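Visitor: I would like a close look at one part of this structure. Please pick a single strand and go through its surroundings.

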Amino acid sequence: MKTYLFLFALTIITKLYSQVFSLYSTSSINDIYNASSFSPIKIRIAQNGVILLDTKNSILVHFSENDTISYGGKSARFSGLIDPIDITVKGLNVYILNQASNSILIFDSRLNHIQTILINNEVELYPSLIALDQYENIYIYSSDLNMIYVNDSQQKNFTEFIDLNMQNFDFNCISSMKFSTNGNLFLLSSCDRTISIFNQYGRLIDTQPNTIDGIALSVKRNGAYFIANKKGLIKHGKDQPKNLFIESNLIDIDYFDKKFIVLTDSLLLRYDFFD
């Protein structure tokens, strides 16, 4: 009963102060996947549910109202999910970036393994971020080289797309990389507190301030974006920040089709978003 009262109160408060966010579901991380070691740090909206990635324990989970499916964990050395570092979702497929092994694992929405792509290049890239554009070309960011690479949908070798050294970006600064459907690439920098926007040809077209010290980024189809900080402040584009009044540290966010999700260190919160 206390849980429902808390959920109701949080919904009312969020509507009053945030206006466009309406909380409709909250789930404990411990209830989603019953393992004491499960600590997801990445979350994405997927077909009929939510994908959570625990990079430390190599656990991938698909959570929905109907069931929970997991992949990896104790059997990770046999599954190929050895050193996952980032995740993205495109259509019905889930893409997992394995850093040390320089590979990308592709799953369907039920976490059936479909394919493994080896990241071929003249040098070892050890990428830390992955993103897909509207044509399903795959982009990876190598923090060691401070470069973004791309391959086409025919899965040829990865080639240089943006040299961030030439753009005066410091090493190991890009914490999030996302595409809009018009082909613009958004980079969230943890060093200079900016969101940099590149067009589909790799040209820098805009830089906007990250005024709330945001740690997580999600981009809408039209190019508007959300950033969020650890305390639960959410900024939508150039609007004023709004407080979601979460009780634990925010870790990650995602948005798709009027659904907005928040991962904290103990909860999964799901909102309807109205703009």
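Predicted model: local features only at pLDDT ≥ 70, side-chain atom pairs only at ≥ 80, totals over all residues.

Guide: Strand 1 and strand 24 (residues 267-273) are antiparallel partners, joined over seven bridges. Within that pair, Leu23 has Tyr271 of strand 24 as its bridge partner. The two belong to an open sheet of four strands, ordered 1-24-23-22, with antiparallel pairing. Its edges are strand 1 (21-28) and strand 22 (250-256), each of which pairs on one side only. On average, neighbouring strands of this sheet are turned by 20 degrees against each other, direction ignored.

Now to the strand itself, strand 19 (residues 225-228). On one side of strand 19, antiparallel pairing with strand 18 (residues 216-219) runs over four bridges. There, Leu217 stands opposite Ile227 of strand 19. Strands 18 and 19 make a hairpin with five residues between them, and Gly223 in the turn has a positive phi of about 100 degrees.

Strand 19 also pairs with strand 20 (residues 233-236), again in the antiparallel sense, over three bridges. Here Phe226 is opposite His236 of strand 20. This pair is a hairpin too, with four residues between the strands; Gly232 in the turn has a positive phi of about 95 degrees.

That leaves the side chains. In a regular strand, they alternate between the two faces of the sheet. In strand 19, Tyr225 and Ile227 lie on one side, Phe226 and Ala228 on the other. All four are buried, so both faces of strand 19 are covered.

Key
Residues numbered from 1 in each chain as written. Heavy atoms only, no water. Pairing = 2+ DSSP bridges. Axes fitted to C-alpha atoms, helices over the stretch in contact; angles between N-to-C directions. Buried < 20%, exposed > 50% of the residue type's maximum accessible area, 1.4 Å probe, protein only.
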